[in-house]
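Subject: Structure handover

Hello,

Please find the structure below, with notes on what was found in it.

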Amino acid sequence: MLSAMTLIQLITTLIPVLSVFILLVHLRLPAKHAMPLSLAATALGAFFVWQVPALHMLAATLEGVILTLTILWIVFGAVLLLKVLQQTGATTTIKQGFGQISPDKRVQLIIVAWLFGSFLEGAAGFGTPAAIAAPLMVALGFSPLGAVVLALIADSSAVSFGAVGTPAIVGIGQGIVGISSAQVAHIALIAISIDIFVAALLPLMMVLIYCRFFSESCQWRDGFALAPFAIAGAFAFTLPAYCVAWLFGPEFPSILGGLIGLCIICPLAKKGMLLPASINRNLEPSHLQVAQDKSASLSLLKAWAPYLIVALLLVLTRLPELPFKAWLQSIEFEWQAMLGTTISVRIMPLYLPGSLFIITAAIAIWLQRGTPSQFASALKNSATMLLPSLVSLCAAVPMVRLFLQSDSNSAGLPAMPIALANWVGTHLSDVWIIIAPLVGALGSFIAGSATFSNLMFDSFQYSVATDAHLEPSLVLALQMLGANAGNMIAVVNVVAAASVVGLHGREGEIIRYTLLPMLYYCLCASAVAWLMFV
């Protein structure tokens, strides 16, 4: 049945992927137009070809709308925190503080997007790094487009162990029946051992993209000049992460790897080690350069305190050993058997990172001696920024849920992504070392989550690996790495990150920049796996 999937069924499974690339990337339509069209095309395919009942489609759409509200809540909290820091003058102090570490935007990129972003991914995951790092980079003088593109590229390697190891523990651990925690840890260790080589060039790639496309110089050579420092930044994260994964398992590699990396790289940058003799202070486009800020009225510690507080709260509320996680999860809203279908949705509002961002924003106003009127202004500005992304996300997320929930149908077919993966596995199993990461990337692109990509495709990857006489642990590690890569182009992530910096309508442009780094990540992972293990 799998190999006999008809052409029209194959085309139907490709609609969500092709429509997004054609409408967003090729035709360059804004997401508020492209995503409703993609939703309509997916719904037509689901109803007429997959024969999904109309009531089930409506339930999946409602599920998507509810999940959209959770994404908007996270984005709103991240924007509110930034707006508060702008109101109190904390961003001025932070910019001046970075000037003391290094005035070079290339160095700041590695510190904020790569290392601080990796720590945030390890603590919270689910879009938090880009939601915090991108607006912080804009405050430091990066262009909004450059900040979003580079934050998305940076949020890749750390995803294997994001949200205290969720993609490995839940994604791998629950994706295959009967797998043990020791086997999960082994698969995760294979993934990070491959990633040491794959990620070695990612910070350099980020610097090159910044220098060529988002700086005034527009020259590759300015990026290559920072190669020693960029590569050191890569290993400053991946090597400690590998050691933590080997010693303690998959919960803390990204958290500790990001922290240790910051402790290594910041002193090196301050002393000018591994940096070019001449530091270019003005690599950002001249029209984006900000006028000289007035002298900072806050200490550097007070200015950074909200970010330290939110990072601490994220870690404390994600550790199952502490009671805070259970307390926050105790308040939940659940809709079971929506409209009489098998679809259910559950929301834990206090556990969402957005709630912690809002609490931290309120603390920041008090700590940094802000006024109620400043907080009210930040609230108003944050809500206004989110309105243009409402239509985009209310179409993108339901499209994803409709695609994933298409297993309930009268045509006797599996869910569309599983059918597509099965077809690929039937025809391309001989080159599965190359294909396995691309399947993982497809899952993240569609679902917007590496965890869900792993859950969705683990059993399939295991089956293909067995049939192709490949080591299943290696193929599952490649699935994890591919899911990391897909995080760069995931439609939901792109729309959410764009909305954080007010970059509505340019989602396709963002994907055009992140597509090649995503392909590099997948293909390089395949090459390293083949050289090391096959």
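H469 counts as exposed, because its relative accessibility is 75% (exposed means over 50% relative accessible area, buried under 20% and partly exposed in between, with a 1.4 Å probe and protein chains only). H469 sits in the loop between α20 (450-467) and α21; helices here are DSSP runs of H or I with at least four residues, numbered from the N terminus. The phi of H469 is positive, near 60°, in a residue other than glycine.

This is a predicted model, in which local features need pLDDT of at least 70 and side-chain atom pairs count only at pLDDT 80 or more, while totals for chains, interfaces and linings use all residues. Residues are numbered from 1 along each chain as its sequence is written, and side-chain values use heavy atoms, with hydrogens and water left out.

A163 is found in helix α8. With a relative accessible area of 10%, A163 is buried.

Helix pairs

Two packed helices are described by the angle between their axes and the distance between the axes. Axes are lines fitted to C-alpha atoms, for helices over the stretch in contact, and angles run from 0 to 180 degrees between N-to-C directions.

Helix α21 (residues 472-486) packs on helix α23 (residues 507-533) at an angle of about 160°, and their axes are 8 Å apart. The two are therefore roughly antiparallel to each other (angles over 145 degrees count as roughly antiparallel, under 35 as roughly parallel, 65 to 115 as roughly perpendicular and the rest as oblique). The crossing of α21 and α23 is right-handed, that is, the near helix is turned clockwise from the far one by less than a right angle. On the α21 side the contact is made by L474, L478, L481, G482, N484, A485 and G486, and on the α23 side by M518, Y521, C522, A525, S526, A529 and F533; contact means heavy atoms within 4.5 Å. By class, the residues of this contact are 10 nonpolar, 4 polar and no charged (Ala, Val, Leu, Ile, Met, Phe, Trp, Tyr, Cys and Pro count as nonpolar, Asp, Glu, Lys and Arg as charged, and the others, Gly among them, as polar).

Helix α21 also packs with α9, at an angle of about 60° and with the axes 8 Å apart. α9 and α21 are therefore oblique to each other, and α9 passes α21 in a right-handed crossing. From α9, the residues H186, I187, A188, I190, A191, I194 and D195 meet S473, L474, L476, A477, L478, M480, L481 and N484 of α21. These divide into 11 nonpolar, 3 polar and 1 charged.

Helix α5 (residues 105-123) and helix α7 (residues 144-154) pack at an angle of about 55°, with their axes 8 Å apart. That makes α5 oblique to α7. The crossing of α5 past α7 is right-handed. L109, A113 and W114 in α5 meet L150, A151 and A154 in α7, a contact of 6 nonpolar, no polar and no charged residues.

Helix α9 and D195

The 18 residues of α9 should span 26 Å at 1.5 Å a residue, and the end C-alpha atoms are 25 Å apart, which agrees; the expected span is 1.5 Å times one less than the number of residues. Buried residues of α9 are V184, I187, A188, L189, I190, A191, I192, S193, I194, D195, I196 and V198. Their cover includes α8 (162-172), α10 (202-213), α12 (227-248), α21 and α23.

D195 belongs to helix α9 (residues 181-198). D195 is buried, with a relative accessible area of 1%. Leaving aside residues up to four places away in sequence, D195 touches S157, A200, T238, L481, N484 and Y521. C-alpha to C-alpha, D195 and G97 are 32 Å apart in space, and they are 98 residues apart in sequence.

T317

T317 lies in the loop between α14 (300-316) and α15 (324-329). T317 is buried, at a relative accessible area of 6%. Residues up to four places away in sequence not counted, T317 touches F324, K325, L328, Y351 and L356. T317 and P353 are 36 residues apart in sequence, with their C-alpha atoms 9.7 Å apart in space.

Regards
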